[in-house]
Amino acid sequence: MIDLLRLCAFNAAYAQAIDNDELERWPSFFAERCLYRITNVENEREGLPAGIVYADSRAMLEDRIAALREANIYERQRYRHLLGIPVVASADAGGAVATTPFLVARIMATGETMVFASGEYRDRFVLAGDQLLLAERVAVCDSTVTDTLLALPL
Amino acid sequence: MSEQVIQWHGAGLTRVPYAVYTDAAMARVEQERVFRGATWNYLCLDVDLPEGGSYRTTAVGETPVIVVKDDDGEIYAFENRCAHRGALLALEKSGTVKDFQCVYHAWSYNRQGDLVGVAFEKGVKGQGGMPASFCKEEHGPRKLRVAVFCGLVFGSFSEDVPPIEEYLGEEICARIERVLHKPVQVIGRFTQALPNNWKLYVENVRDSYHASLLHLFFTTFELNRLSQKGGVIVDESGGHHVSFSMIDPAAADASYKEQGLRSDHDRYRLKDPTVLAGFTEYDDGITLQILSVFPGFVLQQIQNCLAVRQVLPTGQDRTELNWTYLGYADDTPEQRGMRLKQLNLVGPAGFISMEDGAVGGFVQRGIAGAQELEAIVEMGGDGTESSEGRATETSVRGFWKAYRAHMGIDGGTA
């Protein structure tokens, strides 16, 4: 059975993987066939489907991490995720639908910390055997503006 | 320019004083002569204004502007500024209105930007009110000329700017028509706040030299290498450009390996290559076309990834980059899905574009304290002619040719 505590623990581990720069672990929170998308409230309100990140497989998430490690140029930075308590719309033995608010601070190479993003995850979880996985995570940012660039995942 | 302090060395276009990215006096003149001068500035898409009363707020340079369709089907644009005390008339990004009313003192304007109502114009109970001599027709926000080309809505504050087709020139028109040959649909909008002067971004767009050096994605996946078939078109004014190339595996050569460039490396391969799968939709073989219109408009086709970009200064060292992602109205679900995936290449988190968001800031910070020095823009010579090769800065020089013409900067000093 999926319960609130289990979703909280999942989200805490998810955030920790990103914030501790264990990005290679990040795709493992997703099912093999999944949807991960970052958008904003205005696009969602208008039903516009594009994302600033759009992945429909775990392999695409792995490719993104490989690109960040090997290909892309950006200044060293890290995040601190503060996640709220999930609002669970439905949960049963097979899966759950929930939304969770997030606040992400970005710490730059210069030492500066700024609020980089706030919003909510709109999630669909599935159980694969005993493992809880994200079948879908849409990060809907409150702001329509991204400062400079978004390198690390939200 | 009376405030001139910036030294432009020589008559050529191969040196750019760093002060042009930091000087406040220059920025003020720029607003007047470039953005409010004889230029056409991108405002929005005509599909953004589907019916009478549809409007969008935008800006020309730093000047806030309303674009609105009236019931006559025509598009009008005027400053987003009440004639009374200067407050914004429209506060939302978009919407539908019967008319515009200033929230401050309820002065109202029709969709063509005419002042039509002054609250308590005759006073209250015979007291107060505007003088009898006050004539509403003589007051109003400044209006822009509007031109629509291939669904792109441009506006100009200038009476002297030539018609849009003439401003763009034949080659640029043809290259816009190539992409916008049928109705488009907006599929997403995102804004990127860039920590640099707007000119650094528009130079970057015109800089075909950097593309395959900075962006490993382009190089490794053969999206765009300088050795590919393609070219750079610079229009006569210098201000507009097209850079294009064709993916052609046969064109792969050893030039990158020989240079030992960081951007060419063999270990990196995609686990899910569907992000680059794409489909052929233009019969000319061109898989990448980046087009710019002076001063701040970009039309992009990278594979099947279509977008317009609007570059707006928001201060000497801040720029707003507005991305509007597009599909065609008649896309099949598969085609639309492909575009959504390829959009991973561009925008604030784009495998390619995230770096363009960063490099302008690297320059802006790098030139601090070096205002008396200058950048070198000499790759490919000193001219602004079109070029088959892309290891050139010809279209960057073209930008400066147009910029200097608008700013009234002659060969010597500003």
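Start with chain A and chain B together. In this predicted model, the two chains bury about 3300 Å² between them. Of that area, 55% lies on carbon and sulfur atoms. The size of an interface is often given as the accessible area lost when the parts come together. Now colour the contact by chain: chain A supplies 38 residues, and chain B supplies 39 residues.

Stay at the interface and look for charge pairs. How many salt bridges are there between chain A and chain B? The count is five. For a named pair, select Asp56(A) and Lys341(B): their side chains form a salt bridge, at 3.1 Å from N to O.

**Chain A: a loop stop**

Select Asp21(A). Its phi is positive, about 60°, although this residue is not a glycine. To place Asp21(A), show helix H1 (4-19) and strand S1 (30-40) of chain A; the residue sits in the loop between them.

**Chain B: a cis peptide bond**

Move to Phe294(B) and Pro295(B). The peptide bond from Phe294(B) to Pro295(B) is cis, and omega is near 5°. Pro295(B) belongs to the loop between strand S15 (288-293) and strand S16 (297-302) of chain B.

**Chain B: H4 against H10**

Select helix H4 (residues 198-206) and helix H10 (residues 394-407) of chain B. Their axes are 8 Å apart, and the packing angle is about 135°. An angle over 145 degrees would count as roughly antiparallel; H4(B) and H10(B) are therefore oblique to each other. The crossing of H4(B) past H10(B) is right-handed.

Show side chains next. On the H4(B) side, pick Trp198(B), Lys199(B), Val202(B), Glu203(B) and Arg206(B). They meet Ser395(B), Val396(B), Phe399(B), Trp400(B) and Tyr403(B) of H10(B). By class, this contact of H4(B) with H10(B) has six nonpolar, one polar and three charged residues.

**Chain B: H4 against H9**

The crossing of H4(B) and H9(B) is right-handed.

Which residues of H4(B) meet H9(B)? They are Leu200(B), Tyr201(B) and Asn204(B). From H9(B), select Asp356(B), Val359(B), Gly360(B), Val363(B) and Gln364(B). The residues of the contact of H4(B) with H9(B) divide into four nonpolar, three polar and one charged.

**Chain B: H1 against H10**

Return to H10(B) and bring in helix H1 (residues 24-35) of chain B. The axes of H1(B) and H10(B) lie 9 Å apart, with a packing angle of about 90°. H1(B) and H10(B) are therefore roughly perpendicular to each other.

For the contact itself, select Met26(B), Val29(B), Glu30(B), Arg33(B) and Val34(B) in H1(B). The contact of H1(B) with H10(B) divides into five nonpolar, one polar and two charged residues.

Technical notes
Residues are numbered from 1 along each chain as its sequence is written. Chains are lettered from A and ligands numbered from 1 in the order in which they are written. This is a predicted model: local features need pLDDT of at least 70, side-chain atom pairs count only at pLDDT 80 or more; totals for chains, interfaces and linings use all residues. Side-chain values use heavy atoms; hydrogens and water are left out. Axes are lines fitted to C-alpha atoms, for helices over the stretch in contact, and angles run from 0 to 180 degrees between N-to-C directions. Helices (H or I, at least four residues) and strands (E, at least two) are DSSP runs, numbered from the N terminus. Angles under 35 degrees count as roughly parallel, over 145 as roughly antiparallel, 65 to 115 as roughly perpendicular and the rest as oblique. A crossing is left-handed if the near helix is turned anticlockwise from the far one by less than a right angle, and right-handed if clockwise. Contact means heavy atoms within 4.5 Å. Ala, Val, Leu, Ile, Met, Phe, Trp, Tyr, Cys and Pro count as nonpolar, Asp, Glu, Lys and Arg as charged, and the others, Gly among them, as polar. Buried area is the accessible area (1.4 Å probe) that two parts lose on being put together, summed over both. A salt bridge is a side-chain nitrogen of Lys or Arg within 4 Å of a carboxyl oxygen of Asp or Glu.
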